[in-house]
Amino acid sequence: MSINKSIELFQRAQQSIPGGVNSPVRAFKSVGGTPLFIKKAQGAYLYDADDNRYIDYIASWGPMILGHAYEPVVNAIREQAVYSTSYGAPTELEIKMAELIKSMVPNVDLIRMVSSGTEACMSAIRVARGYTGRNKIIKFEGCYHGHADSFLVKAGSGVATFNIQTVPGVTAGVATDTLTCAYNDLAAVEKLVNENKQQIAAIIIEPVAGNMGCILPEPGFLEGLRKICDAEGILFIFDEVMTGFRLAKGGAQERLGINADLVTYGKVIGAGMPVGAFGGKKHIMEVVSPLGNVYQAGTLSGNPIAMIAGYTLLTVLNEQPQLLQEIEEKTIYLKEGLHKILAATGTPYVINQLGSMISVHFSDRPVTDFATAAAANNQLFNKFFHGMLKRGVYLPPSAFESWFLNNALTREDLDATLQAAKESLAEIL
């Protein structure tokens, strides 16, 4: 297939945009080659600037749960847009969205809308510090919570892709207040907590990590963190930008049976629009201004276009929970097919999967944290990525990213993906 238009656009973009992209992983620097410039998307498919069609396993990094250009969402946006795209004032839509999220998600009494997942996580940490009167936080190596300063210490995703583990522009003071542990290492958390008594405001985690591939919490890990938080007066924050409304109606809290004190969301609550939210238990969220003294504000918070888009999508998921089961069944079908193909090659591999999140690692040992994800044969993944892309399958352009399925994928799409995998592996091995 020809990608001449994408090559031309990438060259042009680099004259005006740093690296030619507005988010680093899009540059294909990890996997090599020229990034594709997308012209449109429909259902399970992306179409690039040269009109090539690809089966999409990114789903805009998660939110397109029911597929691209989902008709009820598109129609709702059109109807709302004629009333203006922003007011900078309260709307009933914000109330309806907050009420809907509260009805779907455990442990959310109050919720504040913001403009991105990064802003949501940043605000949740500020709330935790304001509520506890403490400064330090614990995060996990390879977990990405957006690009706020305190989160870029040993982050995964794009930071890992570009091998940036010490980020210029993040001050030593900020880095000192961010303590890190390996994912799934409960003993390391206990040690940090004991070394920093009465200093830790929050533990923030992706309950199912999606930024070092799909990494599942080992049995007892999240339960142990919850116990530590309860004993030490630490707030437990679930970053559900990826898992929220995807693993279950109530997100990872419902799916895994673990209660968080605060929870954060991103683009999923806007059906892909730029939006986020943070919420939690009433006595904690009451520290947020104007009720309390923890300040957070934003002109576009609760933007009416984002609210109607997200409200429409979440309403469908709330009323038809079987849709999430359908996507999970498709993901399991894909996983089982990949198992058969990979096993036949004799190449070491690991497939991690929960719900509609999945990732393939070319590794001879379990992939349970950032170190084991980084130790996999990621050069082989890069070749696999390009083999799949050449055959019309668009995977995340980094070994450090989860794949996200959407319910517009058909059995024929999945079979085509498996055939592409078989051919790609035969070509590169």
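Reader: Which residue in strand 14 is the bridge partner of Met-357?

Author: In this predicted model, strand 12 covers residues 357-361 and pairs with strand 14 in the antiparallel sense over two bridges. Met-357 takes part in this contact, and its bridge partner in strand 14 is Phe-404.

Reader: Which strands stand at the edges of the open sheet?

Author: Three strands form this open sheet, in the order 11-12-14, with antiparallel pairing.

Reader: How many disulfides does the structure hold?

Author: A disulfide is a covalent bond between the sulfur atoms of two cysteines. The criterion applied is a pair of cysteine sulfur atoms within 2.5 Å. For Cys-181, the nearest cysteine sulfur is that of Cys-143, 11 Å away, and the sulfur of Cys-214 is too far from its closest counterpart for a bond. The number of disulfides in the structure is zero.

Reader: Is Cys-214 buried or exposed?

Author: Residues under 20% relative accessible area count as buried. The relative accessible area of Cys-214 is 0%, so Cys-214 is buried.

Reader: What is the accessible area of the nonpolar surface patch that includes Val-82?

Author: Val-82 lies in the loop between helix 2 (71-81) and helix 3 (92-104). With a relative accessible area of 67%, Val-82 is exposed. Val-82 forms the patch with Tyr-83 and Tyr-87, and their accessible area together is about 370 Å².

Terms used:
Residues are numbered from 1 along each chain as its sequence is written. This is a predicted model: local features need pLDDT of at least 70, side-chain atom pairs count only at pLDDT 80 or more; totals for chains, interfaces and linings use all residues. Side-chain values use heavy atoms; hydrogens and water are left out. Buried means under 20% relative accessible area, exposed over 50%, partly exposed in between (1.4 Å probe, protein chains only). Patches are made of residues with over 30% relative accessible area and no salt bridge: like charges are joined within 9 Å, nonpolar side chains (Val, Leu, Ile, Met, Phe, Trp, Tyr) within 5 Å. Accessible areas come from the Shrake-Rupley method with a 1.4 Å probe; for residues, only the protein chains shown count as cover. A salt bridge is a side-chain nitrogen of Lys or Arg within 4 Å of a carboxyl oxygen of Asp or Glu. Helices (H or I, at least four residues) and strands (E, at least two) are DSSP runs, numbered from the N terminus. Two strands pair if DSSP finds at least two bridges between them.
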